[in-house]
Amino acid sequence: MATIPLEAKTTGRVLDRRLVFLLGKGGVGRSTLAAALGLLGARSGRRTAVVEVSGRGDVPRLFGATGRVGVELELTDGVWTLDVDPRVALEEYLVDQLPLRTLAEVVGSSNAFGYVAAATPGLRELLTMGKVWELAQPQRRSPGALPYDLVIVDAPATGHGLALLAAPRTFADAAGKGPIARQGAIIAATLEDRAQTAVLAVATAEPAAVDEALELRSTLHGRLGAVLINALGPERYTSEDRAALEQALARSDLDTAARAALQAAAAEAEAAQRRRSEIGRFDAQTLELPDIGPAPVSRAGLEFLADRLSAIA
Amino acid sequence: MTVARERLTVCVGAGGVGKTTVAAALALARARQGERVAVVTIDPAPALARALGLAVLGGEPQRVEGAGELWAMRLDAKRTLDELISSLAADEGARDRALSNRIYRELSAAVAGSQEFSAVAKLYELDRSGLYDAIVLDTPPSRNALDFLDAPARLMRFFDGRAARVLMSQGGSATRVAARAGAPLLGVLGRLAGAGVLREIVAFFSAIGGMVEGLGARAAAVEALLHDPATSFVLVTSPRREAVEEAIAFAAALAQARLPLSALAVNRVHMAANGDADGSLEALLGARLAELVRESVRELGDRAAADGDSLARLRAALPGLPTVLIPELGAEMSNLAELDRLGAYLKSVGSPSVAQ
């Protein structure tokens with residue numbers, strides 16, 4: 001069922017990269033898969049961070065924890081999480097770059113500076129990416145902070161996710177000279193290096209999600225490592241079974257309960273077929289992950305998905 | 001039974017819940033009742049775009065074939081902002097300088113909030129045109145409700161900000177700005193970001209300098225329109241747990257902004273196949289297939305039960321909010337007949353007789 005993505009085969013396993021981005025449409029279960037991948041990283045002994053950039057705290061919630069934006073939090077052995085706040089990242093950056101801490105604080109807290117920073121295209125994205133990059137550096141900027149072996153980024157809806165990936169390069173090119181341009185170039189080089197960074201798409205087998213993943217794939221020009229197709233429903237019926245269900249449904253002597261049951265089964269079979277044809281729009285670079293049911297995602301559910309993800313990791 | 005009666009209906013909610021589809025179905029249902037309706041969609045799925053005749057990106061509503069007076073368009077955020085700038089620029093030179101500025105080009109395309117702002121700006125324009133009895137607005141999949149609700153205010157604050165005024169007062173020489181003793185923060189920015197970026201920023205602000213008043217006035221008018229009694233909000237969600245929590249947060253944000261939420265539409269709700277088909281399935285299908293069918297029925301039942309929990313959570317958190325349930329229809333909305341089918345479930349949106 002699952003096929004190994006070409007890129008993973010040729011340039012090493014996903015977990016061997018320092019940065020792994022999961023990009024996809026809202027509602028496809030990106031955070032769940034990011035968390036499962038985080039567990040997998042920790043299983044292999046890597047100190048792993050699962051990073052959000054949404055301010056929503058979806059990842060800690062999966063572990064029954066409540067995160068605070070901008071604060072690193074250990075969720076379980078070896079798995080940490082951080083919701084990156086560009087403002088906090090900016091302050092950290094200023095403290096690091098400016099000679100006087102007070103000057104950094106004055107500048108950082110100034111509304112005017114904030115507005116200009118907000119107006120500077122891509123700066124927010126650059127600061128976010130700078131923080132993500134910093135997490136995976138052997139020397140952390142924050143005193144006493146330990147580096148992560150693996151940083152998994154649960155990136156927002158595809159458009160914004162792409163803006164994040166592009167920001168360092170855009171900045172490096174636009175700014176010309178200065179520390180930001182220099183750092184943008186360093187971060188961009190890390191992102192562009194396949195040995196250090198993997199970009200994965202997450203989709204469900206639904207038209208809009210598949211459209212977005214395909215678009216992502218063409219925008220990234222072969223840079224996409226794999227497409228994770230999440231939450232696949234059951235495929236219990238063969239085409240003969242479907243024919244038998246249709247035939248039974250055509251009878252006029254069915255009682256209400258039998259008819260309802262047959263309709264439910266036929267609808268499920270039809271949905272499965274539609275999903276199959278959506279998946280057919282991708283070529284071989286997909287990993288299929290089953291729906292883990294309607295209940296809130298449990299630790300067991302995450303571990304189960306981690307098992308499945310080990311096919312590419 | 002009526003379909004939302006307000007002149008302006010804004011469909012809000014998390015991404016991936018079918019907001020665009022619900023907006024289209026709502027607009028179609030009203031057009032079927034003989035109203036002249038405009039629907040503004042954002043990133044419709046290709047099949048829905050085809051169903052609405054929106055194969056190409058258009059800046060103006062196009063009449064939908066076979067749907068009465070239904071006019072559909074997809075929002076082009078960049079074009080909407082370009083038009084706004086063009087209409088506010090003092091002369092062609094100012095317009096061209098603003099439109100060709102790199103800061104502006106990025107701001108209009110990528111920066112969070114610009115899509116939200118242009119969505120409401122378009123709503124305002126269509127409303128002012130007086131051409132439509134009703135306008136239905138789909139909204140971008142915002143990170144959170146505030147991104148959307150705040151957009152006009154944020155833009156105003158931005159143009160009103162001290163930095164903006166400092167920048168707009170400069171003649172356009174970045175190095176001169178950066179060197180001014182009175183602008184240390186610009187010096188810092190110039191040092192960090194590089195002179196190229198600073199030059200573009202200054203150029204942008206000097207280009208739009210003369211438009212600030214107009215932009216501020218427009219943002220204020222747009223903000224007022226959101227609060228107009230003719231505007232109502234329909235919150236769209238799916239029964240998925242995270243979507244439900246987002247919907248509840250969205251409703252709270254609307255309430256805080258004192259914006260009227262008129263209905264909740266819960267999309268793609270699973271309905272259990274009720275009843276026990278006792279022995280008859282075996283006789284019809286044989287033992288193996290009958291057991292598979294029972295599995296399907298059981299799983300659907302689990303799903304329906306989980307959706308029921310979500311609905312209970314929504315009702316408890318949003319008491320008294322008229323709610324419509326749209327079952328999982330299993331089909332992609334690829335033609336008007338399917339949209340009509342969905343629209344039938346929305347009939348009661350806006351009606352006082354909706355189930356509580």
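**View 1. Helix α1 of chain B, end to end.** Helix α1 of chain B covers residues 19–32, which is 14 residues, and reaches 20 Å from its first C-alpha to its last, close to the 20 Å expected at 1.5 Å a residue. Keep in mind that this is a predicted model. Of the 14 residues in α1(B), 13 are buried, so the helix is largely enclosed by the rest of the structure. Just after α1(B) comes Gly34(B), with a positive phi of about 95°.

**View 2. What α1(B) lies across.** The list of strands under α1(B) runs to β1, β2 (37–41), β4 (70–74), β5, β6 and β7 (261–269) of chain B. Relative to β2(B), the helix runs at about 170°.

**View 3. The sheet of chain B.** Eight strands make an open sheet with mixed pairing, in the order β3-β4-β2-β5-β1-β6-β7-β8. At the edges stand β3 (62–63) and β8 (323–327) of chain B; each has a single partner strand, so one side of each is left without a neighbour in the sheet.

**View 4. The β1–β6 pairing in chain B.** Here, β1 (residues 8–12) and β6 (residues 231–237) of chain B pair in the parallel sense over five bridges.

**View 5. Thr139(B) in its loop.** Thr139(B) sits in the loop between β5 (134–138) and α7 (145–149) of chain B. Arg268(B) is 129 residues away along the chain, and its C-alpha is separated from that of Thr139(B) by 19 Å.

Key
Residues are numbered from 1 along each chain as its sequence is written. Chains are lettered from A and ligands numbered from 1 in the order in which they are written. This is a predicted model: local features need pLDDT of at least 70, side-chain atom pairs count only at pLDDT 80 or more; totals for chains, interfaces and linings use all residues. Helices (H or I, at least four residues) and strands (E, at least two) are DSSP runs, numbered from the N terminus. The expected span of a helix is 1.5 Å times one less than its number of residues. A residue is buried if 20 or more other C-beta atoms lie within 10 Å of its own, exposed if 12 or fewer, and partly exposed in between; C-beta atoms are placed from the backbone. Two strands pair if DSSP finds at least two bridges between them. Two residues are in contact if their C-beta atoms, placed from the backbone, lie within 7 Å. Axes are lines fitted to C-alpha atoms, for helices over the stretch in contact, and angles run from 0 to 180 degrees between N-to-C directions.
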